[in-house]
Amino acid sequence: MSAPEMQNTQSPVVDLEELQYARAQRRDKIAKWTLPVLMLLLAIFLWDRLVVWNEIPHYILPGPGLVIETLIEDWGMLSDALWVTLKITLMALAVAVLGGVGLAVLFTQSRYFEMAFYPFAVILQVTPVVSIAPLIFIYVDNRLAGLLLCAWIVAFFPILSNTTLGLNSTDHNLRDLYKIYGATRWQRLRYLQLPTALPYFLGGLRIAGGLALIGAVVSEYVAGTGGIGSGLAFRILEAGYRLNIPRMFAALLLIAATGVVIFTLASLLSHALLHKWHESAIKREN
Amino acid sequence: MSNTSSIPPLGQRDALLHMANIDKVFNGNVEALKNLNLTVNQGDFISLLGPSGCGKSTALRLIAGLMRQTSGQITWNGGLNEGDLGVVFQEPTLMPWATVEQNVWLPHRLRGKSLDDVRGDIMWALKMVGLESFQKSYPRELSGGMKMRVSIARALVTQPRLILMDEPFAALDEITRHKLNNDLLMLRDKLKCTVIFVTHSVFESVFLSDRIVVMAARPGRVSSEVTVDAPYPRTEEFRTSAQYAELCRKASDALHGAMNQHGERASA
């Protein structure tokens, strides 16, 4: 109670409703971080107790302690695998960004181009990657290229569709203004359409980041025992055959953590680029 | 644009723009404009007043070159050169990702001029609208009236011969609208520029302009012209004067005349 009272002596606002509102705001601020962390810790604790109290054998469900232990013990092998998966994910994401934005720009430059090629993009998107992947690995000799292609097919669509939407969302009065001032096609793209599309693109990037990881993992499953350069998905398969359940969990943990990190980075990037001007990144005071 | 000489009285001004027998037909059957004739002189402050659908905005878009007329001629005295036109829309139409300064830079930027080269022009334009200390602000940090001022500064930055304004203050509250009306007249007095101002408001058109071109709808055409012979500068006192009231009545009658013309046509 002392903290709010201290504040009240500084600010002249002592209206009861305002005070309650300020308190609720502070509570929200704290809960925003502590609540998810506490719930996560509680879940891990329950997981541990579940295993211990029911004496579940570790080859059926390992406790969280054992998973961490395995993670440390097998770190050499798992970190190599993590690096492989991460590499494919990031490369696929990079190619998805280039391909998605590039295609979107082409689409907006020519309606006919969009009419001609949009169906292909949709077909690629709606066909499950697991069903295309075996074919890809038959036709593409290079295993890395095959994995990359699979991950790319999954990841590029949200970037393409979001960026296309963004490029077409320019304010019509601004378009008129550019026309009046004799803007070239390139100037319009660079100064008007690309900035307008930026928030849409960043929304797509957040989705594509997660999808690139999913694409990388799924295609690794399909590629199977490729030998050299095995990623996390391959390690999970392999550990499964050997009934090394703790290692499966450790690898799973790494994949989940990677996904969270990618999402966080994309969100941070989004905030960094938009916080000065875009509605989505601006906190309103009401 | 000299600041020393004053605008000559109506009837002694040089022609700037002539629109002759302009027709504009949409979709092959909608007559947006039919036989529109209008001469704009240097220094005119013309209001285009009329009901919705009378083709005011279409006329503006034709002058701006955003559309081509179906038939008729638009001729510019001395030709239309780069930077001759400034446009202000009903919305401020600013780029939200760009600062005030960058927004005002736009007309120059699209002609390949760097920010450093035209900073003087930008600061001059911002000073004209009283926003020189907001050059680094983003549009979202400004009020509706201030955004509109930035929009006006952007239109002024090339020192255009003609400024087109399409109901620029319609979305603002009345107090802000009056303030911007006063400031616009001050600007016009300083810059001696020519303005075509589209509005729905009889009161606004009388306060601002020296020529009110009243338009009728379906098909869009010039119905009549009201000359506002009150001298500039016009101040807040003019707003409450008997002369203003009388002129408003005159303009209002002309507008009703234009709407009745339409009614007769519709019933005929």
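1. Pro107(B) and its surroundings. In this predicted model, Pro107(B) touches Tyr181(A), Arg154(B), Val157(B) and Thr158(B), leaving aside residues up to four places away in sequence. The list therefore includes a residue of chain A, since heavy atoms within 4.5 Å count as a contact. Pro107(B) belongs to helix α2 of chain B. Its relative accessibility is 0%, so Pro107(B) counts as buried. Along the chain, Pro107(B) and Glu82(B) are 25 residues apart, and their C-alpha atoms are separated by 9.7 Å.

2. Packing of α4(A) against α5(A). Two packed helices are described by the angle between their axes and the distance between the axes. For helix α4 (residues 75-109) and helix α5 (residues 111-126), both of chain A, the axes come within 5 Å and cross at roughly 125°. On the α4(A) side, the contact is made by Leu103(A), Leu106(A), Phe107(A) and Gln109(A). Their counterparts in α5(A) are Arg111(A), Phe113(A), Glu114(A), Phe117(A) and Tyr118(A). By residue class, the contact of α4(A) with α5(A) comprises six nonpolar, one polar and two charged residues.

3. Aromatic cluster in chain A. One aromatic cluster is formed by Phe107(A), Phe113(A), Phe117(A), Tyr118(A), Phe120(A), Trp152(A), Phe156(A) and Phe157(A). Among these, Phe107(A), Phe113(A), Phe117(A) and Tyr118(A) also take part in the contact between α4(A) and α5(A). With ring centres within 6.5 Å as the criterion for a pair, the count over all chains comes to 14 aromatic pairs.

4. The pair Tyr118(A) and Phe157(A). A pair of aromatic rings is described by the distance of the centres and the angle of the planes. The ring centres of Tyr118(A) and Phe157(A) are 6.4 Å apart and the planes stand at 45°, so this pair is tilted. Because Tyr118(A) lies in helix α5 of chain A and Phe157(A) in helix α7 (residues 143-167) of chain A, the pair ties together parts that are 39 residues apart in sequence.

5. Charges over rings in chain B. The charged end of Arg234(B) sits over the ring of Tyr232(B), at 4.0 Å from its centre. Arg239(B) lies over the face of Phe207(B), with a distance of 3.8 Å from the ring centre.

6. Cis peptide bonds in chain B. Most residues other than glycine have a negative phi, and most peptide bonds are trans. A cis peptide bond joins Arg218(B) to Pro219(B), with omega of about -5°. Pro219(B) is placed in the loop between β8 (211-216) and β9 of chain B. A cis peptide bond also joins Tyr232(B) to Pro233(B), again with omega of about -5°. Pro233(B) lies in the loop between β9 and α7 of chain B. Tyr232(B) is also the residue whose ring lies under the charged end of Arg234(B).

7. Thr235(B). Thr235(B) is located in the loop between β9 (221-227) and α7 (236-239) of chain B. Its relative accessible area is 41%, so Thr235(B) is partly exposed.

8. Positive phi in chain B. Which loop holds Asn27(B)? Asn27(B) lies in the loop between β1 (15-26) and β2 (30-41) of chain B, and has a positive phi of about 50° although it is not a glycine. With a relative accessible area of 74%, Asn27(B) is exposed. Thr93(B), likewise not a glycine, has a positive phi of about 55°. Thr93(B) is placed in the loop between β5 (85-88) and α2 (100-109) of chain B. In Thr93(B) the relative accessibility is 6%, so this residue counts as buried.

Methods. Residues are numbered from 1 along each chain as its sequence is written. Chains are lettered from A and ligands numbered from 1 in the order in which they are written. This is a predicted model: local features need pLDDT of at least 70, side-chain atom pairs count only at pLDDT 80 or more; totals for chains, interfaces and linings use all residues. Side-chain values use heavy atoms; hydrogens and water are left out. Axes are lines fitted to C-alpha atoms, for helices over the stretch in contact, and angles run from 0 to 180 degrees between N-to-C directions. Helices (H or I, at least four residues) and strands (E, at least two) are DSSP runs, numbered from the N terminus. Ala, Val, Leu, Ile, Met, Phe, Trp, Tyr, Cys and Pro count as nonpolar, Asp, Glu, Lys and Arg as charged, and the others, Gly among them, as polar. Rings of Phe, Tyr and Trp (its six-membered ring) pair if their centres lie within 6.5 Å; planes under 30 degrees apart count as stacked, over 60 as edge-to-face and the rest as tilted. A charge sits over a ring if NZ of Lys or CZ of Arg is within 6 Å of the ring centre and within 35 degrees of the ring normal. Buried means under 20% relative accessible area, exposed over 50%, partly exposed in between (1.4 Å probe, protein chains only).
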